[in-house]
Number of protein chains: 2
Amino acid sequence: MARLREFEIGDALDGVMSVFWRQGYEGASMQDIEAATGLNKQSLYRIFPDKRAMYLAALERYEANEFAKAEEVLAGAGTARSRFETLFGGVIALAAQGDRRGCFLCNAAADQGQEDDEATAAVSAAMQRLEKIFRKALAASPPYDRDRKAREDRAAALLASYLGLRILTKADAPLRVIKSAASAAIKAI
Amino acid sequence: MARLREFEIGDALDGVMSVFWRQGYEGASMQDIEAATGLNKQSLYRIFPDKRAMYLAALERYEANEFAKAEEVLAGAGTARSRFETLFGGVIALAAQGDRRGCFLCNAAADQGQEDDEATAAVSAAMQRLEKIFRKALAASPPYDRDRKAREDRAAALLASYLGLRILTKADAPLRVIKSAASAAIKAI
DNA sequence: TGAATAGTTGACCATTCGGTCCGCAATTAC
DNA sequence: GTAATTGCGGACCGAATGGTCAACTATTCA
């Protein structure tokens with residue numbers, strides 16, 4: 001009956017995400033998005049009602065990608081400390097490579113000058129999911145904290161440290177500082 | 001010879017800062033800035049060459065204001081732990097009040113989709129100054145770390161935690177998580 | 001064959017943007 | 001008075017914005 005779509009929506013979404021990630025909401029023009037996806041406006045607007053919807057979809061995709069990776073790392077073998085060491089090591093590696101994109105979710109949190117309630121809610125929910133992943137990882141291996149509260153505090157502290165590391169990376173802080181912060185955060189486990 | 005200026009540049013700068021703080025660079029229009037300062041374009045452009053200069057000046061002002069406060073708190077009486085407790089308590093209080101502006105410097109770090117090297121450098125320098133303030137506070141009171149490296153690590157970790165707390169606030173994370181993170185970060189001192 | 005959808009190109013829209021310019025009233029110092 | 005400057009208001013500029021529409025080709029399935 002009708003012609004089939006010739007591209008994968010997921011591929012287009014990857015392009016959309018990378019643009020918003022690097023340039024933020026207002027900083028990304030439709031031209032940029034066309035270039036990054038290899039599609040033109042009409043094809044894009046057939047998938048998404050408007051630019052905001054693209055942004056929200058990009059946020060979702062980032063969360064799905066990034067959290068899957070984090071979950072994989074944190075569910076690996078070894079002690080909780082060694083696994084968080086791997087996770088934080090990844091952040092350091094990005095910083096060392098000069099990857100200054102930072103964490104898209106953090107960027108989004110700071111970006112929402114436009115006071116987009118939907119985006120704020122999405123970021124907030126994502127942060128809580130990440131906290132849950134951290135908590136689960138702490139609960140699954142020694143050293144075990146005595147009570148639930150202590151475990152929750154530790155997970156939250158690791159989350160704050162993780163976000164802080166990514167902000168420091170984005171802010172182009174010296175690698176020395178980033179490494180120091182990661183090292184001390186790990187030691188505290 | 002000539003008429004005198006009727007307003008304080010500092011007052012205007014406060015207005016400029018508050019707009020950029022809340023709305024980011026791209027999100028703040030000249031109209032917004034006119035409204036916030038109570039001045040019109042011509043008066044503003046007589047002080048600043050362009051919008052970017054206003055943004056950079058606002059960053060400087062934020063740093064001067066905020067770091068002065070932080071330095072005051074961290075130079076107070078008591079142990080290092082108690083002083084950082086006060087500092088982090090302030091962040092929690094802002095979150096509890098529903099102040100979601102976050103840290104202007106963090107926002108700026110994430111905001112720079114426009115790849116403004118000057119702004120990046122300013123943020124980076126500010127972060128390093130803050131790290132220095134933290135380090136100084138740790139060096140000035142017990143518990144003393146054995147070596148300089150340990151003290152540096154601790155300062156960097158506290159900085160990451162501090163930034164993470166502010167991001168969590170901006171991201172509208174539950175107050176419970178913010179309090180947990182602060183509490184665990186303090187305990188690690 | 002024919003209806004329906006996908007994709008491309010380019011024109012087009014109103015709006016907003018940062019920034020400039022002009023004119024006018026007020027104020028200051030010589 | 002006169003020159004110089006400040007502040008205000010509004011007109012104005014070119015450029016870029018997000019988004020729409022029309023025209024055309026290609027592809028699919030009934």
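In this predicted model, B:Arg61 is partly exposed, since its relative accessible area is 25%, and the residue belongs to helix H4 of chain B. Once its neighbours within four places in sequence are set aside, the contacts of B:Arg61 are with B:Gly10, B:Leu13, B:Asp14 and B:Met17.

**Salt bridges within the chains**

Over all chains, the structure holds 24 salt bridges.

| Pair | N to O separation |
|---|---|
| A:Arg166 and A:Glu66 | 3.4 Å |
| B:Arg129 and B:Glu63 | 2.3 Å |
| B:Asp153 and B:Lys149 | 2.9 Å |
| B:Lys187 and A:Asp153 | 4.0 Å |

The salt bridge of A:Arg166 with A:Glu66, whose closest N and O atoms are 3.4 Å apart, links distant parts of chain A, as A:Arg166 sits in helix H8 (residues 148–170) and A:Glu66 in helix H4 (residues 51–74), 100 residues apart. Both A:Arg166 and A:Glu66 are buried.

In chain B, the side chains of B:Arg129 and B:Glu63 meet in a salt bridge at 2.3 Å, N to O, and this pair likewise links distant parts of its chain, with B:Arg129 in helix H7 and B:Glu63 in helix H4 (residues 51–74), 66 residues apart. The two partners fall into separate accessibility classes: B:Arg129 counts as partly exposed because its relative accessibility is 42%, whereas B:Glu63, at 12%, counts as buried because the limit for that class is under 20%.

The salt bridge between B:Asp153 and B:Lys149, at 2.9 Å, N to O, is of a local kind, for both residues lie in helix H8 of chain B, four residues apart, or about one turn of the helix. B:Asp153 has 4% relative accessibility and therefore counts as buried, while B:Lys149 has 47% and so counts as partly exposed. In chain A, salt bridges that share partners join A:Arg52, A:Asp116 and A:Glu118 into one network.

**The interface between the two chains**

In total, 43 residues of chain B are in contact with 43 residues of chain A, and the two chains bury about 3,200 Å² between them, of which 66% is on carbon and sulfur atoms. Two salt bridges are counted between chain B and chain A, and B:Lys187 takes part in a salt bridge with A:Asp153, where the closest N and O atoms are 4.0 Å apart. Six residue pairs are found in polar contact across the interface, both residues being at pLDDT 80 or more.

Which helices of chain B each supply at least two residues of the side that touches chain A? They are helix H1 (9–27), helix H6 (104–111), helix H7 (117–139), helix H8 (148–170) and helix H9 (175–187). Of the elements on this side, H8(B) gives the most, with 15 residues. The residues of the side of chain B that touches chain A divide into 21 nonpolar, 11 polar and 11 charged.

B:Glu131, in helix H7 of chain B, has contacts in both chains: apart from neighbours within four places in sequence, the residue is in contact with A:Arg176, A:Val177, B:Glu152, B:Ala155 and B:Leu159. B:Glu131 is buried, because its relative accessible area is 2%.

**A backbone feature in both chains**

Most residues other than glycine have a negative phi. A:Asp172, although not a glycine, has a positive phi of about 65°, and it is found in the loop between H8 and helix H9 (175–187) of chain A. In chain B, phi of B:Asp172 is near 65°, again a positive value in a residue other than glycine, and B:Asp172 has its place in the loop between H8 and H9 of chain B. A:Asp172 is partly exposed, since its relative accessible area is 32%, and B:Asp172 counts as partly exposed at 32% relative accessibility.

Technical notes: Residues numbered from 1 in each chain as written. Chains lettered and ligands numbered in written order. Predicted model: local features only at pLDDT ≥ 70, side-chain atom pairs only at ≥ 80, totals over all residues. Heavy atoms only, no water. Contact = heavy atoms within 4.5 Å. Buried area = accessible area lost by both parts, 1.4 Å probe. Polar contact = N/O pair within 3.5 Å; in protein donor to acceptor, adjacent residues only side chain to side chain. Nonpolar A, V, L, I, M, F, W, Y, C, P; charged D, E, K, R; others polar. Buried < 20%, exposed > 50% of the residue type's maximum accessible area, 1.4 Å probe, protein only.
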